[in-house]
Amino acid sequence: MADTQQLESIGASITEGLGSAVLSLSVIAEELILNVERNSIVKTMTFLRDDVNCQFKQLMDLCGVDYPEREKRFDVVYNLLSMTQNSRVRSEEPRVGKNCR
């Protein structure tokens with residue numbers, strides 16, 4: 001697995017490449033966690049796949065998470081793997097309450 005310094009370097013590339021689409025970025029338990037704006041998920045996934053510093057080409061898992069205590073209670077979570085970087089990224093996209101469109 002990638003070390004924290006490598007993940008932070010990948011995170012810096014993501015922040016630079018996606019700009020304001022990135023709501024937050026952190027490294028927890030040797031995993032890069034990325035929160036992005038709802039309307040930028042196609043741009044985000046394309047960048048994570050195609051950028052030479054990322055190369056997250058495998059979608060390992062796609063799921064929904066319910067946070068009932070939040071106003072925007074639903075997130076769509078994408079878990080990606082980069083064999084080239086030997087690292088993982090979790091991208092979370094918030095959705096709005098009952099109307100998840």
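# Briefing: fold, core and salt bridges

With 101 residues, a compact globule would have a radius of gyration near 13 Å, and the protein agrees with this, having 13 Å. The model is predicted. Its secondary structure comes to two helices and five strands. Read from the N terminus on, the elements follow the order α-β-β-α-β-β-β.

**Overall shape and surface**

- The C-alpha trace of the protein spans about 40 × 25 × 20 Å along its principal axes.
- Of the 101 residues, 39% are buried.
- The protein exposes about 6,000 Å², and carbon and sulfur atoms supply 49% of that area.
- Take the contacts between residues at least 6 apart in sequence: 46% of these join residues at least 24 apart.

**Helix α2 and its buried side**

- Helix α2 covers residues 41-50, and its buried residues are Ile-41, Thr-44, Phe-47 and Leu-48.
- These four residues lie on the same side of α2, because they cover an arc of only 130° around the axis.
- An α-helix has 3.6 residues a turn, so residues three or four places apart point the same way.

**The largest nonpolar core**

- The largest nonpolar core holds 17 residues.
- The members that touch the most other members are Ile-14, Leu-34, Leu-48, Cys-54, Phe-56 and Val-89.
- Two or more residues of this core come from each of the elements α1, β2, α2 and β4.
- Helix α1 gives the largest share of this core, four residues.
- Leu-48 belongs to this core and is also one of the buried residues of α2.
- Val-89, another member of the core, is in contact with Leu-32, Leu-34, Leu-48, Phe-56, Tyr-78, Asn-79 and Leu-80, leaving aside its neighbours within four places in sequence.

- Gln-58 lies in strand β3, which runs over residues 58-66.
- Its relative accessible area is 35%, so Gln-58 counts as partly exposed.
- Apart from neighbours within four places in sequence, Gln-58 is in contact with Asn-79, Leu-80, Leu-81 and Met-83.
- Gln-58 and Arg-73 are 15 residues apart along the chain, and their C-alpha atoms are separated by 27 Å.
- Glu-93 is found in strand β5.
- Glu-93 has a relative accessible area of 1%, and therefore counts as buried.
- Not counting residues up to four places away in sequence, Glu-93 touches Val-36, Glu-37, Arg-38, Ile-41, Phe-74, Asp-75, Val-76 and Tyr-78.
- Two residues on that list return elsewhere in this briefing: Ile-41 is one of the buried residues of α2, and Asp-75 takes part in a salt bridge with Arg-70.

**Salt bridges**

- Side chains of opposite charge can pair when their charged atoms come close.
- The count of salt bridges comes to five.
- Asp-66 and Arg-73 form one of them, with their closest N and O atoms 2.7 Å apart.
- Both partners are partly exposed: Arg-73 has a relative accessible area of 28%, and Asp-66 has one of 37%.
- Another salt bridge joins the side chains of Arg-70 and Asp-75, at 2.5 Å from N to O.
- Here Arg-70 is partly exposed at 32% relative accessibility, whereas Asp-75 is buried at 4%.
- Arg-90 and Glu-92 also form a salt bridge, in which the closest N and O atoms are 3.0 Å apart.
- In this pair Glu-92 is buried, at 11% relative accessibility, while Arg-90 is partly exposed, with a relative accessible area of 24%.
- Arg-90 and Glu-92 are linked with Glu-31 in a network of salt bridges.

Technical notes: Residues numbered from 1 in each chain as written. Predicted model: local features only at pLDDT ≥ 70, side-chain atom pairs only at ≥ 80, totals over all residues. Heavy atoms only, no water. Buried < 20%, exposed > 50% of the residue type's maximum accessible area, 1.4 Å probe, protein only. Arc of directions from axis to C-beta. Core = buried A, V, L, I, M, F, W, Y, C linked by side-chain atoms within 4.5 Å. Contact = heavy atoms within 4.5 Å. Rg over C-alpha atoms; globule rule 2.2 N^0.38 Å. Areas by Shrake-Rupley, 256 points an atom, 1.4 Å probe, with all protein chains shown as cover. Salt bridge = Lys/Arg side-chain N within 4 Å of Asp/Glu carboxyl O.
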